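My notes follow, one topic at a time.

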Amino acid sequence: MKLFALSILIFWLVAVVLGRVTGLQPNDIDLNSILAAPNAQLWLGADDLGRDILARVLKGVEVSLWVSVTVTLVTMTIGVFLGLMAGFLGGRTDKILMQITDIFLAFPGILLAIAFAAVLGAGLGNLIVALCLTGWVSYARLARAQTMSLRNRQHVIAAESLGASLSRILARHILPLLASVLIVEATYSLASVMIAEASLSFLGLGIQAPNASWGAMLRDGVRYMLVAPHYVLAVGLSMMSLVLAINLGGDYLRDKLDVKSAQS
Amino acid sequence: MLKRVLGVVPVVFGVLLFTFLLIHLVPGDPVEVMLGDSATTTDREALRADLGLNQPLIQQFGSYLNKLAHGDFGLSIHTRQPITELIRARYPATLKLAIFSLIIGLAIGVPLGIYAALHNGKWQDLVVTIISVRLSAMPAFWLGPMLMLVFAVWLGWLPVSGMESSASIILPALTLGFGLSAILTRMTRTSMLEVLNEDFIRTARAKGLSERQVIVKHALRAALLPIITIVGLQMGSLLAGTVITETIFSWDGIGRLLVESIEKRDYPVTQACVLVIALSYVVVNTATDIAYRFADPRVRSA
């Protein structure tokens, strides 16, 4: 399983690099090959404007990875900071933060991200903002729960009584113990942010034409499904393999780092 | 129980406040964004007054709540129809889709979960678990087009999209139901495994009951409780999942209304849809929680 996941990830990495090196053009329009089936020149065929689907799929991975890494890093930083503070300080700080997260969790699935993206307007930057605004909640809950259980460990109490500052205790005595849980959570969130990005782009709220995005490509693929089923199939299978590989990687890390449950 | 219901109040208030503030998050002037460049100053001022945007924020929130209490969501900017009517027209379709998906999810998930539990540790268990874990990771906007490709385009068994024939509901319901069934399979399996180790199951077997009776009458009944909870919790996510599924299959529910309103920059409609979906979610979650307490005396005092 580990090998399988790793080989898919390496495959995509190599493909993206090769696509760059060989100069595949994701935005070149060729009116002679509109919705062309896969052939020797266009390995995955062409889309509704005669653009190379392979080139666009590879460009899409790049954008998708870039968005998910950015969003994961930002949301993790914000969420962990808030969670650490709430879990360690307790009392009022904790109550207020929990109340806010409760409100955020009252919006099911990606509804909140849709709402943010809707009012902020479409586009890559706003998409990232919308995903960041909604993504920090799970990290905050996770970090808070973990910090609360670590709060009264002897090494923390010892550091406190030695007069260590709050930031030192959090950074040196608590955060390192959270690392493995956070790494596992971050891996899964890479995959889920990728899906959220594609969902929003699918709804027309994310990355805008002519830039390639898997969500938007799937939507166009559905539109031309009757005449060019290869379009939706190519994007669909690419997406499945990548999401699968990242989740398998998450499972592997979870077992390796012995994290019992990343959810709380 | 009362505490649980009262605990919802601040959440509902927060949801109301959030959806109210949503329109104020629009960069620049929301009226300008909604009406576009061609609108006259009179039009703009009329809309501004109509939406109450020229009043102080607190007063705006007050009248927003007051209107909502009377079931008034205001008017759609695009069609000038009352939004309450739009939602009333679309909500039943979403509910129907959600219930159908739930039935499909249960019909696939529960038997598979029992099957996996009965073959615990054997290859059948492994296959079921892998499929269910992986399937639940695939989003609706992936599964929907794939099902459409296979069953509507290649096999031609079902309509591609729309709501014309009664068979139209099958593909969108399958799209949502498969994702749900994956979660239900895992929950049923875990729950059954726990119950199968209980003393009363051993007693039932020792009494000489047939394996079928042991499983259906004794084990499944006890294992059902956590499954009900999951169903309740997932019902809310189903409502949210309909946004994408309805868009894929041109299903005229509230999710599609939401997406259409975003495309037309009809913010009051967007606001109302987000509010209705979120409140449905909160209500279903709370109801599930209360039903669970009723059903299981062990958690009643907790």
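**Chain A overall**

I counted 9 helices and 0 strands in chain A. Helices here are DSSP runs of H or I with at least four residues, strands are E runs of at least two, and both are numbered from the N terminus. The model is predicted, so I noted the rules: local features need pLDDT of at least 70, side-chain atom pairs count only at pLDDT 80 or more, and totals for chains, interfaces and linings use all residues. Residues are numbered from 1 along each chain as its sequence is written, while chains are lettered from A and ligands numbered from 1 in the order in which they are written.

Along the sequence I read α-α-α-α-α-α-α-α-α for chain A. Its C-alpha atoms fill a box of roughly 75 × 40 × 25 Å along the principal axes. Chain A has 264 residues, and 48% of them count as buried. Buried means 20 or more other C-beta atoms within 10 Å of the residue's own, exposed means 12 or fewer, and partly exposed lies in between, with C-beta atoms placed from the backbone. I also checked contacts in chain A between residues at least 6 apart in sequence: 68% join residues at least 24 apart. A contact needs C-beta atoms, placed from the backbone, within 7 Å.

**Helix 2 of chain A**

Gly90(A) follows helix 2 of chain A, with a positive phi near 60 degrees.

Next I looked at its packing on helix 9 of chain A. The angle is about 30 degrees and the axes are 11 Å apart. Axes are lines fitted to C-alpha atoms, for helices over the stretch in contact, and angles run from 0 to 180 degrees between N-to-C directions. Helix 2 of chain A is therefore roughly parallel to helix 9 of chain A. The cut-offs are under 35 degrees for roughly parallel, over 145 for roughly antiparallel, 65 to 115 for roughly perpendicular, and oblique for the rest. Helix 2 gives Ile53(A), Val57(A) and Val61(A) to the contact; helix 9 gives Tyr231(A), Ala234(A), Val235(A), Ser238(A) and Leu242(A). I sorted these into 7 nonpolar, 1 polar and no charged. Nonpolar covers Ala, Val, Leu, Ile, Met, Phe, Trp, Tyr, Cys and Pro; charged covers Asp, Glu, Lys and Arg; the others, Gly among them, are polar.

**Where chain A meets chain B**

I found 37 residues of chain A in contact with 39 residues of chain B. On the chain A side, helix 9 gives the largest share, 9 residues. By class, that side has 27 nonpolar, 9 polar and 1 charged residues.

**Two spots in chain B**

Helix 5 (residues 83-118) and helix 11 (residues 254-263) of chain B pack at about 130 degrees, with axes 7 Å apart. They are therefore oblique to each other. Helix 5 of chain B contributes Leu86(B), Ile87(B), Arg90(B), Tyr91(B) and Thr94(B), and helix 11 of chain B contributes Ile254(B), Gly255(B) and Leu257(B).

Last, I checked Ile201(B), in helix 9 (residues 199-206) of chain B. Ile201(B) is partly exposed, with 17 other C-beta atoms within 10 Å. Ala219(B) is 18 residues away in sequence and 6.8 Å away in space, C-alpha to C-alpha.

Terms used. Contact = placed C-beta atoms within 7 Å.
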